[in-house]
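Me: I'm new to this one and would like to go through it slowly. Could you take my questions as they come?

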Amino acid sequence: MKSTIVIYGSSTGTCEAIAEKIAGKLGAEAINVADMSVDTINSHDNLILGTSTWGAGELQDDWYDGLNMLRNSDLNGKTIALFGCGDCASYGDTFVGGIGELYNGLKSCGATFIGSVPTDGYTFNDSEALVDGKFIGLPLDDVNEDDKTDSRIDAWIEEIKPQL
């Protein structure tokens with residue numbers, strides 16, 4: 001596996017805990033996006049990016065500066081996988097929209113995106129994170145569907161690990 005880092009934005013700690021879990025399973029480091037630097041980006045081949053979703057499908061606050069830093073970096077040849085936290089019960093119409101915000105902000109930056117997830121087994125009405133009928137990254141609801149979080153993470157890691 002090439003050099004991999006998990007970068008997350010978390011306001012309540014849920015996305016941070018998930019990022020640390022993913023990093024642990026990959027043998028990678030997890031850092032808060034607020035601590036990310038250009039050197040962080042340049043020194044890793046694989047970027048696993050995670051965000052919680054707020055309001056009407058918006059990114060976690062720290063990601064706005066982080067997204068700009070990524071946009072202004074050379075991402076050609078890098079591999080990006082996305083994951084995000086959302087609330088499918090209360091915000092089913094904008095479920096994990098933060099993943100979509102990250103993807104839309106970076107899709108033209110030259111990186112290869114991996115880790116799309118079928119919608120089967122998810123309860124939601126709409127999501128900006130849908131691309132060609134699949135989630136562009138791993139969607140998690142650790143509040144309403146916490147019993148599914150670990151198995152979803154494990155399945156996703158098994159899918160992306162050979163590409164890292």
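Me: Let me start with a single residue. Where is V96 placed?
Reply: V96 sits in the loop that runs between β5 (79-85) and α4 (97-106). Please keep in mind that this is a predicted model.

Me: What is the phi of V96?
Reply: V96 has a positive phi of about 45°, although V96 is not a glycine. As background, most residues other than glycine have a negative phi.

Me: And is V96 buried or exposed?
Reply: V96 counts as buried, because its relative accessibility is 0% and the cut-off for buried is under 20%.

Me: What about D132, where is that and what is its phi?
Reply: D132 lies in the loop between β8 (130-131) and β9 (134-135), and D132 has a positive phi of about 55° without being a glycine. With a relative accessibility of 80%, D132 counts as exposed.

Me: Changing topic to charges: how many salt bridges does a search of the whole structure find?
Reply: The search finds four salt bridges. In general terms, side chains of opposite charge can pair when their charged atoms come close.

Me: Which residue does K21 pair with, and how far apart are the closest N and O atoms?
Reply: K21 forms a salt bridge with D150, and their closest N and O atoms are 2.6 Å apart. K21 belongs to helix α1 and D150 to helix α5 (residues 146-160), so this pair ties together parts that are 129 residues apart in sequence. K21 counts as partly exposed at 32% relative accessibility, and D150 counts as partly exposed at 41%.

Me: Which residue meets K25 in a salt bridge?
Reply: The side chain of K25 meets that of D154, with a distance of 2.8 Å from N to O. This pair also links distant parts of the chain, with K25 in helix α1 and D154 in helix α5, 129 residues apart. Relative accessibility is 38% for K25, which counts as partly exposed, and 34% for D154, which counts as partly exposed too.

Me: Then E145 and R152, are they buried or exposed?
Reply: E145 is buried, with a relative accessible area of 7%, and R152 is buried as well, at 11%. Their side chains meet in a salt bridge at 2.8 Å, N to O. Salt bridges that share partners join E145, K148 and R152 into one network.

Me: Where does K78 lie, and which backbone oxygen lies 2.6 Å from a polar atom of its side chain?
Reply: K78 lies in the loop between α3 (63-71) and β5. The backbone oxygen in question is that of H44.

Me: Last topic, the largest pocket: what is its volume, and how many residues line it?
Reply: The largest pocket has a volume of about 320 Å³. Its lining has 17 residues, and T53, W54, C85, G86 and D87 lie nearest its centre. The elements that give two or more residues to this lining are α1 (14-26) and β3 (46-54), and β3 gives the most, with three residues.

Me: What does that lining have by class?
Reply: By class, the lining of the largest pocket has seven nonpolar, seven polar and three charged residues.

Key:
Residues are numbered from 1 along each chain as its sequence is written. This is a predicted model: local features need pLDDT of at least 70, side-chain atom pairs count only at pLDDT 80 or more; totals for chains, interfaces and linings use all residues. Side-chain values use heavy atoms; hydrogens and water are left out. On a 1 Å grid over the protein atoms alone, a cavity is a set of points where a 1.4 Å probe fits but cannot get out, and a pocket is an open set with protein on both sides within 12 Å along at least five of seven lines; lining residues have an atom within 4 Å of a point. Grid points are joined across faces, edges and corners, and a volume is the space filled by probe spheres set on the points. Helices (H or I, at least four residues) and strands (E, at least two) are DSSP runs, numbered from the N terminus. Ala, Val, Leu, Ile, Met, Phe, Trp, Tyr, Cys and Pro count as nonpolar, Asp, Glu, Lys and Arg as charged, and the others, Gly among them, as polar. Buried means under 20% relative accessible area, exposed over 50%, partly exposed in between (1.4 Å probe, protein chains only). A polar contact is a pair of N or O atoms within 3.5 Å; within protein, one must be able to donate a hydrogen and the other to accept it, and residues adjacent in sequence count only if both atoms are side-chain atoms.
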